Amino acid sequence: MRVAYSVETVRAAERALMARVPEGALMQRAAAGLAAACANALGTGGGVYAARVVVLTGSGDNGGDALYAGARLARRGAGVTAVLLAPQKAHRGGLAALRAAGGRAVTPEDVDAVALVHRADLVLDGIVGIGGKGGLRPGAVPLAEAARASRAVVVAVDLPSGVDADTGEVRGAAVRADMTVTFGTYKPGLLVDPAAEHAGALRLVDIGLGPDLDGTPPALEALQHADVAALLPVPDAESDKYRRGVVGVVAGSERYPGAAVLAVAGALRAGAGAVRYVGPGAQAVLARFPETLVSAGPPHKAGRVQAWVVGPGLGDGPEARRAVDDVLASDVPVLVDADGLRLLDRDVVRSRTAGTVLTPHAGEAAALLGVAREEVEAARLDHVRRLAGAFGATALLKGSTTLVASPEPGVPVRVNPTGTSWLATAGSGDVLSGITGSLLAAGLAPRDAASVGAYLHGLSARVAAGPVGAPVAAHDVAAALPGAWRDIRS
Ligand SMILES: NC(=O)C1=CN([C@@H]2O[C@H](COP(=O)(O)OP(=O)(O)OC[C@H]3O[C@@H](n4cnc5c(N)ncnc54)[C@H](O)[C@@H]3O)[C@@H](O)[C@H]2O)[C@@H](O)CC1
Ligand SMILES: [K+]
């Protein structure tokens, strides 16, 4: 499991650790890891001799890390210039170390710092770290823009300056890095868009915080292959279709029969023992998947089902509404997606005794919460938590970084690490619904079903897109599920 802790937790752990180690030791550990990562990033086999390095230096310890790393690179022969954005407050020890190593320090008043950045091979962003508030200050913006436009490798120290460490929000100008070297633990903002998009590749430098973080719940966690392998429902000798789970799918309409086919496709390949389909798309479903058990409805008359998926391509007519009400009245877990999200009653969802999973994209989440879509996209973590809380349901917010929140407070939000932009294609959400519903029917808890579903879905898209990447259609994603499954279990 990859975990990310809040700034408050990181600060507390740092205080506890600092009390046991010599003064400055943590900063030296951070700087050593940072300098090593920079040397690698230069792509010269670790050699830094004559490389032109510019250190953008702010007023806090983040600038200190960057200056000490600059000193280490200067000792190995790099030409290092620190641009001091707050000359009076630059970290004294770091500045002295840089000068002693042969580096120089300038201010934007003395020199054309933008031109310096344009000529650099490597730019270190030590403007601000976990102490940052709001976006970049105006004086730093042209330097961040120059770094982005230049051919230099841009390495963010701990975080890209200007992004919010706890929320992943980017409310003003921010540095765009090729790589972020973060210390002690990941911060939530490094894993959630739009901030994550600014971070580039992530490197974690161990500074010994582990024992002081253990015991505090992380703010965010991301499943890895081994976690997913342990959760996947694998049949044993005693299994039959009911023990593996039967998932009911209420999806599709005369107008959108394809949604039914795609949801069933996902469900059939995600571990349940059988799939029941209820709705007007039965012919299309059977033509593609003869193993599906179909019935005309209402859902509660369809036979035994251990979890329902309702909503993809359902439309919003009276029959669709009745189907949503019918399914939500059941006492088994229910996943509501797409059109179903427009038809559900919040109080009904809140009063359910079995789990409910809502799987909106940003627009649907915005409608459910009565806010603008842009607000959801700007503050994904906040809104997925609010959604789960407001509906008393597990919320899966789809998008560039898919998030899963539980209704219980204090439970870490899960962020899906397998997402890929190849998934932005019509019908891919229907496949995700089917996969996740199947996992619910197999007995996974709602949060596990949703996060494993998103993981399998993203990985299948990657498998389908291939190592170089090529467009995939939603049915390709469903067809690639067995490949993703095998990859996880191998
Ligand atoms: N505390 C520790 O033991 C360690 C801290 N480390 C580093 O220390 C950083 C945190 O240091 P600080 O607490 O000094 O905080 P920062 O260096 O992140 O920033 C604090 C300073 O920046 C100013 N500031 C806030 N927002 C700004 C903005 N948008 N633009 C410009 N200036 C802004 C504040 O007035 C303050 O002076 C971490 O991110 C990490 O890089 C590492 O050295 C590891 C050890
Ligand atoms: K930074």
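This is a predicted model: local features need pLDDT of at least 70, side-chain atom pairs count only at pLDDT 80 or more; totals for chains, interfaces and linings use all residues.
Let's start with Val-357, which stands opposite Thr-394 of strand S16. Strand S15 covers residues 356-358 and strand S16 covers residues 394-397, and the two pair in the parallel sense over two bridges. As a reminder, the strands of a sheet pair through backbone hydrogen bonds, in either a parallel or an antiparallel way.

Now step back to the whole sheet. Eleven strands make up an open sheet with mixed pairing, and their order is S1-S9-S18-S17-S16-S15-S14-S13-S10-S11-S12. At its edges stand strand S1 (2-4) and strand S12 (293-295); each has a single partner strand, so one side of each is left without a neighbour in the sheet. If you ignore direction, neighbouring strands of this sheet are turned by 20° against each other on average.

Returning to S15 and S16, you will find a helix there too. Helix H18, made of residues 380-391, lies across S15, S16, strand S17 (403-405) and strand S18 (413-415). Its direction runs at about 150° to S16.

Next, have a look at the ligand. There are 26 residues around ligand 1, and those that come nearest are Gly-60, Asp-61, Asn-62, Gly-129 and Gly-131. Helix H1 (7-18), helix H2 (25-41) and helix H3 (61-75) are the elements that give two or more residues to this shell. Which element gives the largest share of the shell around ligand 1? That is H3, with four residues. Sorted by class, the shell around ligand 1 holds eleven nonpolar, nine polar and six charged residues.

Technical notes
Residues are numbered from 1 along each chain as its sequence is written. Chains are lettered from A and ligands numbered from 1 in the order in which they are written. Two strands pair if DSSP finds at least two bridges between them. Axes are lines fitted to C-alpha atoms, for helices over the stretch in contact, and angles run from 0 to 180 degrees between N-to-C directions. Two residues are in contact if their C-beta atoms, placed from the backbone, lie within 7 Å. A residue is near a molecule or strand if its C-beta atom, placed from the backbone, lies within 6 Å of it. Ala, Val, Leu, Ile, Met, Phe, Trp, Tyr, Cys and Pro count as nonpolar, Asp, Glu, Lys and Arg as charged, and the others, Gly among them, as polar.
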